[in-house]
Amino acid sequence: MRYSCWLGFLLVPLLAGCARFPSTTTASDTPPVTLVSDITVRGAINGNYYYFLALNNDTDPTHGPVPVKTVQALGNYWGVIAGYGPNDPVVQPSYYVEYFNGNFEQYLNGQPIGPPYAGRVSTDGKSLHVEIDARAITATGVLPGFVELNWITTDTITPRPESVGLQKNYDGFGPTGDQFLSYVPLSTNNTWQSGVNGVIDELPNDDNNATIPDIDMTAWRVEVRLK
Ligand SMILES: [Ca+2]
Ligand SMILES: [Ca+2]
């Protein structure tokens, strides 16, 4: 069941998740470590499509979230696997943020846990902005030393049965869906930006999204911000 800020407002007027969302933060609310990320798409952010900010924290920087390239009969359909390679079984990463139908939702170990610390669509409609309180990444609230990170976009997570085995429409970091940001330490301030200082570039009409500009990323940015 989706988290409802409206319902939460009725039951617990000062429920922290609602009070802080989308952008009514104060200095005292600032998390110790905030993971901030933005993507820009060739078209516009579209509430009918799916945008996932996926993290993996298995302590192996060679294993990270990547898109699944073909439509799957089983699994979560939306095409993120946790670190086994694009042809291996679909496994959800332990933590991700989904943007769909105008809502931001965090998922931890497969369960919705409410909206991220902040999330919004840019005024020009072309970018998504997400801020995560890093304590939400694990069930214990203990921060991992680093995470691997990817944004994965797709047009559907409920494909028609006849589509199974066919190519998916998707985008992820890099040109082919095999790359991700492999080492994002949570202990220092840092910024990564597509195509800057040797970081993975993000180009239009890459991966498999040529006919759907709204899921075609053209740039991304990731920041670790300590309080
Ligand atoms: Ca790409
Ligand atoms: Ca792209």
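**Note on the strands and core of this predicted model**

1. Strand β6 (residues 103–108) is joined to strand β7 (residues 111–114) by 3 bridges, and the two run antiparallel. This is a predicted model. The hairpin has 2 residues between the strands. N109 takes a positive phi there, near 50°.

2. Next, the open sheet. It is formed by 5 strands, in the order β8-β9-β1-β14-β13. The pairing is antiparallel. At the edges stand β8 (118–121) and β13 (190–193). Each has a single partner strand, so one side of each is left without a neighbour in the sheet. On average, neighbouring strands of this sheet are turned by 5° against each other, direction ignored.

3. The strands β8 and β9 run antiparallel, and 4 bridges join them. V121 has its bridge partner in β9: L128.

4. Finally, the largest nonpolar core. It has 37 residues. Which of them touch the most other members? They are F52 and W151. Several strands each supply at least two residues of this core: β1 (33–41), β2 (50–56), β5 (95–100), β9 (127–133), β10 (146–154), β12 (181–185) and β14 (217–226). The most comes from β2, which gives 6 residues. As background, nonpolar side chains tend to be buried together in soluble globular proteins.

5. One link between points 2 and 4 is worth a look. The strands β9, β1 and β14 belong to the open sheet. Each of β1, β9 and β14 also supplies at least two residues of the core.

Definitions and conventions
Residues are numbered from 1 along each chain as its sequence is written. Chains are lettered from A and ligands numbered from 1 in the order in which they are written. This is a predicted model: local features need pLDDT of at least 70, side-chain atom pairs count only at pLDDT 80 or more; totals for chains, interfaces and linings use all residues. Two strands pair if DSSP finds at least two bridges between them. A nonpolar core is a set of buried Ala, Val, Leu, Ile, Met, Phe, Trp, Tyr and Cys residues joined through C-beta atoms within 7 Å. A residue is buried if 20 or more other C-beta atoms lie within 10 Å of its own, exposed if 12 or fewer, and partly exposed in between; C-beta atoms are placed from the backbone. Axes are lines fitted to C-alpha atoms, for helices over the stretch in contact, and angles run from 0 to 180 degrees between N-to-C directions.
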